[in-house]
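Reader: I am new to this structure and would like to go through its salt bridges. Please show it to me before we start.

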Amino acid sequence: MIPAGTRPTVMVDDAVSSPSNAPVAIEPGSFDHSAHFYPRVPKTPIHPLVDRFLHLGNQRIADLYLDTHPSVDPQTVRTALAAENRYFRWAGCDLIATTRESGKRQILVIETNSCPSGQKSMPFSCDGHNQTGYQLLLERAFLPILEKQRLPEGGLAVLYDKNPMEASGYASAMAGLTGETVWLTPCLDGDPDPATRFRDDLVLEIRSPDRGWRPIRAAWRYVTQRPWNRIPLLTDTAIVNPVLSCLAGGRNKMLAAKAYEQFNSNQGKAGLAIRTPETICEVTKNEVPHWVERMGGFAVVKVPYRDAGQGIFTIASAEDLTAFLRSDLRYDRFIVQEMIGHGGRCSKTAIGRRAHGGTVPNRDGEIFAFDLRFMIGNGPRGFSPMALFGRRARVPLSEHLGDGGSSWDMLGTNLSIRPGPNTWETDTERLLLADTHDFDRLGLGLDDLIEAYVLTVAATSAIESMTVRLVTGDGKVRRRLFRSLNPDQALENEIL
C-alpha cells in the first residue's frame, strides 16, 4: 500500500517535448518491444484465463453470454458483436465490479474512452503474434479504411499529445504493415508552433523537418486533451477516431450518458442494457449541493470533458463539497454520479446502495477499489477484444479515512499524473496487468470478462449511434442538434 501523501512510483511518459515539436519519420522494420511496452510486460506471461478469452471469438462469446443472460434476445447480441462502425472504431471502457444491498453482483460502465491507452500494459498472447495488439488493432480498425475509402493524396501519420510509448508503437506497427514511412506527429494543446494544420478542404497537413507541409491521407489519433480545439470534428483525411466521436461520448461524459440512455430505450425489449452509476446531467455548479444531498451526502462530480483522472471530485464530506465549489473550472455544466465505495460510504439511489466489489484481500486483509480498462477494436469483422488491465486506488476501502486521507485516495484509480502542461507521468505501482502475477488479485472470472466485453461493445455502439445522429446526409455536423443535447457555451467556444 502507498500511504496517502507520499509520492508514488512513476514512469515518465513525456516525449512530447522536443525543441521543435517536429514530426518524426518512422520507417518499416522499426518496431522494438522494449520501446512500446512497460518493462515488466514482456517478462510475465499472460494469464491463461485471459488468453483463453481473447481466442474465443464472438460466436462463442455470444453463446456463453446468453447462457448467463437467458432473457436477452440472442440475435441482438450477435448483431451487436458483428456490427461494423463507420466512425467509432477504437474504444475502451472503464468498468467496476459492484455488489448491491441484495447481494447481487454487477459490473458497471464508469466511462467510455475514445483513443484509449492499453497496449503498453498488455502481456503477449501465447500465439506469438510479433507485435501483439498494436498490429492486430491496426489490421482490423485502420487498414480496411485505406483499402475501401476514397482518400486524398498523401502519406500516413500518427497524431499524439501524450503517451508517446503507445503512439510510437502504433506508428512503428503501421509502417511495418503498410511498407510506408509514417509521420509520428505531436499535436499539442496550446502549441505556439503547431506541427499540424488543415487545408480548406479539411485535408490534414503535417510540417516536415524542412518546414514544408506534407498532405496526409489517413491518420491514427492519440490526441485526448480537448482534441476538438485543434482538429475539425470531421475531416477529408481519414482519422481514427474522428473527433466527433469524442464529442458524441468518447471524451464527453455528458453526451455519453444520453447515448447510453437512448441505447437502453431502443434495446428495452431485447434485454441488452448498459449499466452505469446513477447519473444526473447538465448540473450547474450551484445545483451540485442539492444533488449531493439527494444522494445521501456521497456523490461524484465530474467535468464532462476532461479525462486521465482530471476534473473528478469525490464528495464524501462538507470539506469535499466546499473544495469543489471553490474550484475554478472553465465549463458551465457538470454531471453528478452516485458514489460507489465502501458499504458505509455509498450514495443512496432509487435502487438502493451499491458497494465496490474490490480486489481479493491481501495478506493484511485489505481490499482496494479497482477498475478494469477494456479496449476493443472494430472493423469489417465486427468487434474484437484488444487489451485489458486493472488499476487500483492508493489506499484500501474502509468506512473511515485515515489521518490526512481523502475520498479520492480511496476511490480514484486513474494512473495519470500531470506535473505540467503537455507533461505526463504514470503511477505504475497501482497498475494490475492481465498476467499470472496480477490478474488473480482482481477476482474476475470468465463470465466477468465476457460481461465486461459485451458492456464495452454496447457502450461503444451507443456512442457510434450518437455520432451518426450528429451527421447530416451530406456529411456535415449537426451543430444545432449538438448544442441542444449539450448546452454548454464554454464547450461550444472551444470547438474548432
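Author: A salt bridge is a side-chain nitrogen of Lys or Arg within 4 Å of a carboxyl oxygen of Asp or Glu. The model here is predicted.

Reader: Which residues are linked with Asp-94 in a network of salt bridges?

Author: One link is the salt bridge between the side chains of Arg-391 and Asp-371, at 2.6 Å from N to O. That pair joins strand S17 to strand S16, 20 residues apart. The network also takes in Arg-373, and the residues linked with Asp-94 are Asp-371, Arg-373 and Arg-391.

Reader: How many residues apart in sequence are the parts that Lys-253 and Glu-111 tie together?

Author: The side chains of Lys-253 and Glu-111 meet in a salt bridge of 3.8 Å, N to O. Lys-253 lies in helix H8 and Glu-111 in strand S4, so the pair ties together parts whose separation in sequence is 142 residues.

Reader: Is Asp-161 buried or exposed?

Author: Asp-161 meets Arg-230 in a salt bridge, with 3.2 Å from N to O. Asp-161 sits in the loop between strand S5 and helix H6, and Arg-230 in the loop between strand S9 and strand S10. Buried means under 20% relative accessible area. Asp-161 has a relative accessible area of 1%, so Asp-161 is buried.

Reader: What is the relative accessible area of Arg-230?

Author: Arg-230 is the partner of Asp-161, 69 residues apart from it in the chain. Arg-230 is also buried, and its relative accessible area is 13%.

Reader: How many salt bridges does the structure hold?

Author: The pairs discussed above include Arg-391 with Asp-371 and Asp-161 with Arg-230. The number of salt bridges in the structure is 24.

Notes: Residues are numbered from 1 along each chain as its sequence is written. This is a predicted model: local features need pLDDT of at least 70, side-chain atom pairs count only at pLDDT 80 or more; totals for chains, interfaces and linings use all residues. Side-chain values use heavy atoms; hydrogens and water are left out. Helices (H or I, at least four residues) and strands (E, at least two) are DSSP runs, numbered from the N terminus. Buried means under 20% relative accessible area, exposed over 50%, partly exposed in between (1.4 Å probe, protein chains only).
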